[in-house]
Structures are given as structure tokens and as C-alpha cells.
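Please work through the following exercises with the sequence and the 3D structure at hand, trying each task before reading its solution.

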Amino acid sequence: VAGGLREAVARDRALDDDKPAYLLTFIHDRRGVEAWVESPTRFNKPSLLLVAHDGEWVRRTVPSGAWAFDFCSRHEVPAYQAGVVPYPQRKRDWDARHR
């Protein structure tokens, strides 16, 4: 996996920091990860929300929604458009448990 992870990070140089490695680590270290691609707003850049099977989640800004969908496709993570597909209950439950 380590070699594959390095190759995947090398392909994701569209981001100029450690975000691809962080996102990939989240995906590889957890089960049942799904993604929600969040469109840019007047105040926020586009972002990618990853949610694991237990509701643990992480959100990072990304270059574009297209980049996020491509990233998820290449790493076999189901991806949904936020605002069209609601966030899962397990994320809300996680948030409630970790306040």
C-alpha cells in the first residue's frame, strides 16, 4: 500500500500541500468512506467532505468540484453532490457524540 499511496499522491499534485496524502490516509485507514463534494460559495472554496462508516469525518478545500469527483473516482470512493444528497445521519451522530 505504501508504494501505491506514494504514486497516488504524486498524481494529485494539483494541490500544493499535504491534502492529497491526508485524504488518502483517511480513506485507507477507515472503512466505508463516502464523499460529499461541496460547491464553492461566496465565502468558501470548494471542499471535499469524507465520512467513514462510523461517522468520523474530515473536510478539506480542493481546487474544484471536478477535481474532487475525479479524486474520488480514482480511489473508488462513492461521491455525492452536497446539497443534492443529504449528509448521512452517522455524521450528525458523530458530531453529537464529540461536542
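Helices (H or I, at least four residues) and strands (E, at least two) are DSSP runs, numbered from the N terminus. The structure is a predicted model, in which local features need pLDDT of at least 70 and side-chain atom pairs count only at pLDDT 80 or more, while totals for chains, interfaces and linings use all residues. Residues are numbered from 1 along each chain as its sequence is written, and side-chain values use heavy atoms, with hydrogens and water left out.

**Exercise 1. Follow Lys91 through its helix and its partners.**

Task: Find where Lys91 is placed, decide whether Lys91 is buried or exposed, and list what Lys91 touches beyond its sequence neighbours.

Solution, step by step:

1. Lys91 belongs to helix 4, which covers residues 89–97.
2. A residue is called buried when its relative accessible area is under 20%, exposed when it is over 50%, and partly exposed in between, with a 1.4 Å probe and protein chains only. Lys91 has a relative accessibility of 9%, and therefore counts as buried.
3. A contact means heavy atoms within 4.5 Å. When neighbours within four places in sequence are set aside, Lys91 is in contact with Leu49, Val51, Gly55, Trp57 and Arg59.
4. A salt bridge is a side-chain nitrogen of Lys or Arg within 4 Å of a carboxyl oxygen of Asp or Glu. The side chains of Lys91 and Asp95 form such a bridge, at 3.0 Å from N to O. Because Lys91 and Asp95 are four residues apart in helix 4, about one helical turn separates them. Asp95, at 22% relative accessibility, is partly exposed.
5. A charge sits over a ring if NZ of Lys or CZ of Arg is within 6 Å of the ring centre and within 35 degrees of the ring normal. The charged end of Lys91 is placed in this way over the ring of Trp57, at 4.4 Å from its centre. Another such arrangement has Arg60 over the face of Tyr22, 4.3 Å from the ring centre.

**Exercise 2. Trace two further salt bridges.**

Task: How many salt bridges does the rule give, and which parts of the chain does the bridge between Glu56 and Arg30 tie together?

Solution, step by step:

1. The count comes to five salt bridges.
2. In one of them, the side chains of Glu56 and Arg30 meet at 3.0 Å, N to O. Glu56 lies in the loop between strand 2 (47–51) and strand 3 (57–61), and Arg30 in the loop between helix 2 (19–29) and strand 1, so this pair ties together parts that are 26 residues apart in sequence.
3. Glu56 is partly exposed at 21% relative accessibility, and Arg30 is partly exposed at 28%.
4. Arg59 forms a salt bridge with Glu38, with the closest N and O atoms 2.8 Å apart. Since Arg59 lies in strand 3 and Glu38 in strand 1, the pair ties together parts that are 21 residues apart in sequence.
5. Arg59 counts as partly exposed at 34%, whereas Glu38 is buried, with a relative accessible area of 10%.

**Exercise 3. Describe the aromatic cluster.**

Task: How many aromatic pairs are found in the whole structure, and which residues do ring pairs link into a cluster?

Solution, step by step:

1. Rings of Phe, Tyr and Trp (its six-membered ring) pair if their centres lie within 6.5 Å, and planes under 30 degrees apart count as stacked, over 60 as edge-to-face and the rest as tilted. The search of the whole structure finds three aromatic pairs.
2. Among them, Trp36 and Tyr80 form a tilted pair, 5.0 Å centre to centre with 50° between the planes. Trp36 lies in strand 1 (residues 34–38) and Tyr80 in strand 4, so the pair ties together parts that are 44 residues apart in sequence.
3. Trp36 is buried, with a relative accessible area of 3%, while Tyr80 is partly exposed at 25%.
4. Trp36 also forms an edge-to-face pair with Tyr87, at 6.3 Å centre to centre and 65° between the planes. Because Tyr87 lies in the loop between strand 4 and helix 4 and Trp36 in strand 1, this pair ties together parts that are 51 residues apart in sequence. Tyr87 is partly exposed, with a relative accessible area of 28%.
5. The cluster linked by ring pairs consists of Trp36, Tyr80 and Tyr87.
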